[in-house]
Amino acid sequence: MKKSIAKRSLVAAISILAATGVARADSQSEALSTHKLGALDGKTTTLAAYRGDILVVNFWASWCAPCRRELPLLDQWNAAWAGRGARVIAISIDSDARKAKQFAEEMKLTLPVMHDGPEGLARVLDIPSVPYTILLDRDGNILATVHGSAEAEVAALGKKVETMIAARGDKPVQEAGMTGGSR
């Protein structure tokens with residue numbers, strides 16, 4: 001009898017934890033979709049404007065050394081995926097938008113760069129560190145996250161996007177420059 005009660009309690013606890021995790025993912029997806037982001041050109045948008053595309057959303061800061069190494073690769077990915085149903089959006093958490101803009105210009109980034117500051121979406125999502133990258137499917141659902149800039153995890157994220165693009169029927173891009181390169 002005690003084992004049966006213990007099993008039911010364990011199942012109930014796991015169910016509650018699973019439901020809480022699903023609710024948190026749903027609320028994060030909602031926040032990602034609806035939060036207003038400022039583009040460096042002064043316009044505002046939301047990630048919902050990119051619905052229909054696979055999105056790699058990267059949170060970064062100009063003072064972050066790993067971000068400086070990672071953003072050129074993400075910029076290459078964005079160029080390679082242009083018109084193929086995937087894109088990369090870079091969101092700066094810098095306090096000063098001018099620093100983000102200067103950094104993007106110095107790096108010659110061509111991907112969409114947004115500025116949201118440290119108290120914006122990064123705070124809402126409670127991201128643990130930068131860089132922090134989120135993979136969203138075409139409907140805005142979170143599929144994966146990468147904490148930091150571990151080369152293997154970043155490369156795996158790029159391959160996952162390529163697989164998703166291929167599943168849609170688009171041609172894969174050449175592998176050169178797509179695996180994370182050396183850091």
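The legends below describe close-up views of a predicted model.

View 1. Seven strands make up an open sheet of mixed pairing, and their order across it is E2-E1-E5-E4-E3-E6-E7. Strand E2 (44–45) and strand E7 (142–147) stand at the edges with a single partner strand each, so one side of each has no neighbour in the sheet. Strand E1 (residues 37–39) is joined to strand E5 (residues 113–115) in the antiparallel sense over two bridges, and in this pairing Ala39 stands opposite Met114 of E5.

**View 2. Helices packed on the sheet.** Helix H2 packs on the sheet, where it touches strand E3 (54–60), strand E4 (86–92) and strand E6 (132–136), and the direction of H2 makes about 150° with that of E4. Helix H3 (residues 97–106) also packs on the sheet, touching E3, E4 and E5, and its direction makes about 165° with that of E5.

**View 3. Phe59 in the largest nonpolar core.** In soluble globular proteins, nonpolar side chains tend to be buried together. Here the largest nonpolar core has 47 residues, and Leu47 and Phe59 are those with the most contacts inside it. Beyond its neighbours within four places in sequence, Phe59 is in contact with residues including Ile91, Ile93, Leu121, Val130 and Tyr132.

**View 4. Asp75, a charged residue without a salt bridge.** Asp75 belongs to helix H2 (residues 65–81). Although Asp75 is buried, it has no salt bridge, and the nearest side chain of opposite charge, that of Lys108, is 11 Å away. Once neighbours within four places in sequence are left aside, the contacts of Asp75 are with Lys108, Leu109, Thr110 and Leu111.

**View 5. Salt bridges.** Side chains of opposite charge can pair when their charged atoms come close. Across the whole structure there are four salt bridges, and one of them joins the side chains of Asp53 and Arg87, at 3.0 Å from N to O. This pair links distant parts of the chain, because Asp53 lies in the loop between E2 and E3 while Arg87 lies in strand E4, 34 residues apart. Asp53 counts as buried at 18% relative accessibility, whereas Arg87, at 27%, is partly exposed. Another salt bridge connects Arg98 with Asp96, with the closest N and O atoms 3.1 Å apart; Arg98 is exposed at 63% relative accessibility.

**View 6. Gly148 in a loop.** Gly148 lies in the loop between E7 and helix H5 (151–168), and it is buried, with a relative accessible area of 16%. Its C-alpha atom is separated by 7.6 Å from that of Pro66, although the two residues are 82 residues apart along the chain.

Key: Residues are numbered from 1 along each chain as its sequence is written. This is a predicted model: local features need pLDDT of at least 70, side-chain atom pairs count only at pLDDT 80 or more; totals for chains, interfaces and linings use all residues. Side-chain values use heavy atoms; hydrogens and water are left out. A nonpolar core is a set of buried Ala, Val, Leu, Ile, Met, Phe, Trp, Tyr and Cys residues joined through side-chain atoms within 4.5 Å. Buried means under 20% relative accessible area, exposed over 50%, partly exposed in between (1.4 Å probe, protein chains only). Contact means heavy atoms within 4.5 Å. Helices (H or I, at least four residues) and strands (E, at least two) are DSSP runs, numbered from the N terminus. Lys and Arg count as positive and Asp and Glu as negative; His and the chain ends are not counted. Two strands pair if DSSP finds at least two bridges between them. Axes are lines fitted to C-alpha atoms, for helices over the stretch in contact, and angles run from 0 to 180 degrees between N-to-C directions.
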